[in-house]
Amino acid sequence: MKHPSIEKLALYSGGELAWWSRITMQRHVHSCAQCQEEVALFGEAATAVREETAEMPGGVQWDRLAAEMRANVRVGIAASEAISSYGSRIEAGPAQGMSWRMTVLTTGFVIMLSIGYWLNASKKSEQIAAMRGPDPIVAEASERGVGMSDGSKGMELRGPKTNLRAAFVAVSTVGSAGAQYVDEETGQVTVNHVYVE
Amino acid sequence: MLTVHMSDPARQTTGNSGQEAADLQNRFIQEHMRRVFLIIYHIVGNVADAQDLTQEAFIKVLQRSEQLKDPEKAAHWLSRIASNTAIDFLRRHGRVNFTDIDSLVDPLVTAHDQNPEQTLLRRERADRLEDGLRHLTAKERTALVLRDVEDVPAEEVARQMNCSMATVRSHIANARIKFRRYLERRKA
């Protein structure tokens, strides 16, 4: 008995053969124990691939990695909005090729500095006022920067030290405040965003 | 409770529609991030690149947030963007750079709250898969992940990989044969 090639059996096991080849193969496999076993082994391998690819790679702490990615995606979207709002100016400037990655890096650096400031702050900023009960959370966004306070501690992300106005200022009712700055000379975009979680 | 202050009336934005869109985006990210990360990770083969490309894929999709109105279509579209982003990355780099997971530093460390036996078992399985996938070329691995893991039809795999059906069938067959032989060698 002439057996089909191993490649054809591999494709048959996954249903990729054309209909005529599939019918021919089906007839052969039905009557050939050896090829039935080959097909079964391909099925087992496919199951192993499916099961094992559902596992997170060893060593990855998913919760932390996912939180980091979510934050970067938020910043990336904010950066792309700022860039599209000021696309024509950026296009004319020398930093035409600046990517969202650069913006993410810039923002990450600013956020890191600000968290350090927040942890060490001994008194809250006088611009951030408490509005609720004993432990209020106040978010404020202005051209100067963005900030928030929980009543006893506060943090503020100051904007770039230029004479430029903030390009975009936004606050949300569920706990975020942001300001985006576009340097008209270099085209560099700085996105400051703080979130309450 | 949260109170908000806005001090630039000319440019301030808030409101229910904006908040709903943001909530929709957050739910979308939450629901699909793990799946998308794993697709990309198994195509490119290392965590650092998979992290960058996952972020890139989500940003591409969320820039057109009107697409999120139909969750099923949006999920399908995201999968396509994710695999295309990973494939484009492989094309740009010409080869796949495997980074040893053990060499990655914090935050990619083992979670302290996991059962040690479970952690070991998971790690063994993940390592076994990684080891098996290393025996495949980048194209074979991409074809295998899309077809056998993501259950993408072969015609769609061919479109995404920008090759003919005959070529993609060849990649799929070779990948299955190599991976099966790898599993058989391990058992032996």
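Biologist: In chain B, what share of the contacts with a separation of 6 or more comes from residues 24 or more positions apart?
Modeller: Those residues account for 66% of them. Keep in mind that this is a predicted model.

Biologist: How many helices and strands are in chain B?
Modeller: Seven helices and one strand. From the N terminus, the order is β-α-α-α-α-α-α-α.

Biologist: Which elements of chain B have the lowest and the highest mean pLDDT?
Modeller: Strand S1, residues 2–6, has the lowest, at 45. Helix H2, residues 47–62, has the highest, at 93. For chain B the mean is 78, and 74% of its residues reach 70 or more.

Biologist: Where does pLDDT stay under 50 in chain B?
Modeller: Over residues 1–14, and over residues 96–113. The model has 38 contacts beyond four places in sequence for residues 1–14. For residues 96–113 it has 34. Where pLDDT is low, the predicted coordinates should not be read in detail.

Biologist: And the complex, what scores does the predictor give?
Modeller: An ipTM of 0.71 and a pTM of 0.63.

Biologist: Switching to H5(B). Is it mostly covered or mostly uncovered?
Modeller: Mostly covered. Ten of its twelve residues are buried. Among them are Glu140(B), Arg141(B), Arg147(B) and Asp148(B), as well as Leu144(B) and Val145(B). In chain B, 36% of the 188 residues count as buried.

Biologist: What does H5(B) reach from its first C-alpha to its last?
Modeller: 15 Å, close to the 16 Å expected at 1.5 Å a residue. The helix covers residues 138–149.

Biologist: What comes just after H5(B)?
Modeller: Asp151(B), with a positive phi of about 60°.

Terms used:
Residues are numbered from 1 along each chain as its sequence is written. Chains are lettered from A and ligands numbered from 1 in the order in which they are written. This is a predicted model: local features need pLDDT of at least 70, side-chain atom pairs count only at pLDDT 80 or more; totals for chains, interfaces and linings use all residues. Helices (H or I, at least four residues) and strands (E, at least two) are DSSP runs, numbered from the N terminus. A residue is buried if 20 or more other C-beta atoms lie within 10 Å of its own, exposed if 12 or fewer, and partly exposed in between; C-beta atoms are placed from the backbone. Two residues are in contact if their C-beta atoms, placed from the backbone, lie within 7 Å. pLDDT is the predictor's confidence in each residue, from 0 to 100. The expected span of a helix is 1.5 Å times one less than its number of residues.
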